[in-house]
Amino acid sequence: MPIDPTLPYDDNNIFAKILRGEIPSRKVYEDDWGFAFEDINPQAEVHTLVIPKGRYVSWDDFSAKASDAEIGGFVRAVGEVARMKGLVEPGYRLLANIGQHGGQEVPHLHVHIFGGESLGPMIARRG
């Protein structure tokens with residue numbers, strides 16, 4: 001169910017629990033700024049999630065409140081994961097769902113990295 005990204009951060013969301021080690025994940029990468037793990041319901045051959053370690057609900061929340069170091073560190077973490085996965089040369093897609101119209105389901109900023117195959121059009125074409 002899509003969430004309202006204007007609500008306060010919920011410390012009991014699933015990604016917060018993953019960061020605290022309360023829920024297991026298949027960790028791919030971790031540094032001071034980000035944590036990456038495999039999606040449990042992959043939508044492509046490669047489907048990895050990257051989340052910031054800070055308490056941010058959405059991209060809007062993150063871009064408004066995170067420090068320059070947090071923003072830079074998180075963006076670098078996303079790039080590092082894509083390189084680790086060997087996705088740079090063949091190409092990949094980044095997706096961050098924000099709010100109800102964007103289909104965001106977890107109230108913690110996360111970026112999906114999709115790759116490993118041709119991904120087709122960005123969104124369904126309009127009739």
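Asp 11 is partly exposed, because its relative accessibility is 36%. Keep in mind that this is a predicted model.

Asp 11 pairs with Arg 55 in a salt bridge, with the closest N and O atoms 2.9 Å apart. That pair ties distant parts of the chain: Asp 11 sits in the segment before H1, Arg 55 in the loop between S3 and H2, 44 residues apart. Arg 55 is partly exposed too, at 48% relative accessible area.

How many salt bridges are there by this rule? The count is seven. Here are two others.

Lys 53 bridges to Glu 30, closest N and O atoms 2.8 Å apart. Again, distant parts of the chain are linked: Lys 53 is in the loop between S3 and H2, Glu 30 is in strand S1, and 23 residues separate them. Lys 53 is partly exposed at 32%. Glu 30 is partly exposed at 40%.

Asp 61 and Lys 65 form a salt bridge at 3.0 Å between the closest N and O atoms. They are four residues apart in helix H2, so about one helical turn separates them. Is Asp 61 buried or exposed? Buried, at 10% relative accessibility. Lys 65 is exposed, at 61%. Salt bridges with shared partners also join Lys 27, Glu 30 and Lys 53 into one network.

Next, helix H3. H3 covers residues 68-84, 17 residues in total. From first C-alpha to last it reaches 24 Å, close to the 24 Å expected. Its buried residues include Gly 73, Phe 74, Ala 77 and Val 81. What covers the buried residues of H3? Among the elements are strands S1, S2 and S3, and helix H2. Val 75, also in H3, is partly exposed at 46%. With Trp 59 and Ile 98, Val 75 makes a nonpolar surface patch of about 250 Å². Just after the helix, Gly 86 takes a positive phi of about 70°.

Now His 47, in strand S3. His 47 counts as buried because its relative accessibility is 4%, under the 20% cut-off. A polar atom of its side chain lies 3.0 Å from the backbone nitrogen of Gln 43. Further along the sequence, the contacts of His 47 include Glu 38, Pro 42, His 112 and Phe 114.

Last, Pro 5, in the segment before helix H1. Pro 5 is partly exposed at 22%. Pro 5 and Asn 97 are 92 residues apart in sequence, yet 10 Å apart C-alpha to C-alpha. Pro 5 touches Val 57, Ser 58, Ile 98, Gly 99 and Gln 104, leaving aside residues up to four places away in sequence.

Methods: Residues are numbered from 1 along each chain as its sequence is written. This is a predicted model: local features need pLDDT of at least 70, side-chain atom pairs count only at pLDDT 80 or more; totals for chains, interfaces and linings use all residues. Side-chain values use heavy atoms; hydrogens and water are left out. Helices (H or I, at least four residues) and strands (E, at least two) are DSSP runs, numbered from the N terminus. The expected span of a helix is 1.5 Å times one less than its number of residues. Buried means under 20% relative accessible area, exposed over 50%, partly exposed in between (1.4 Å probe, protein chains only). Contact means heavy atoms within 4.5 Å. A polar contact is a pair of N or O atoms within 3.5 Å; within protein, one must be able to donate a hydrogen and the other to accept it, and residues adjacent in sequence count only if both atoms are side-chain atoms. Patches are made of residues with over 30% relative accessible area and no salt bridge: like charges are joined within 9 Å, nonpolar side chains (Val, Leu, Ile, Met, Phe, Trp, Tyr) within 5 Å. Accessible areas come from the Shrake-Rupley method with a 1.4 Å probe; for residues, only the protein chains shown count as cover. A salt bridge is a side-chain nitrogen of Lys or Arg within 4 Å of a carboxyl oxygen of Asp or Glu.
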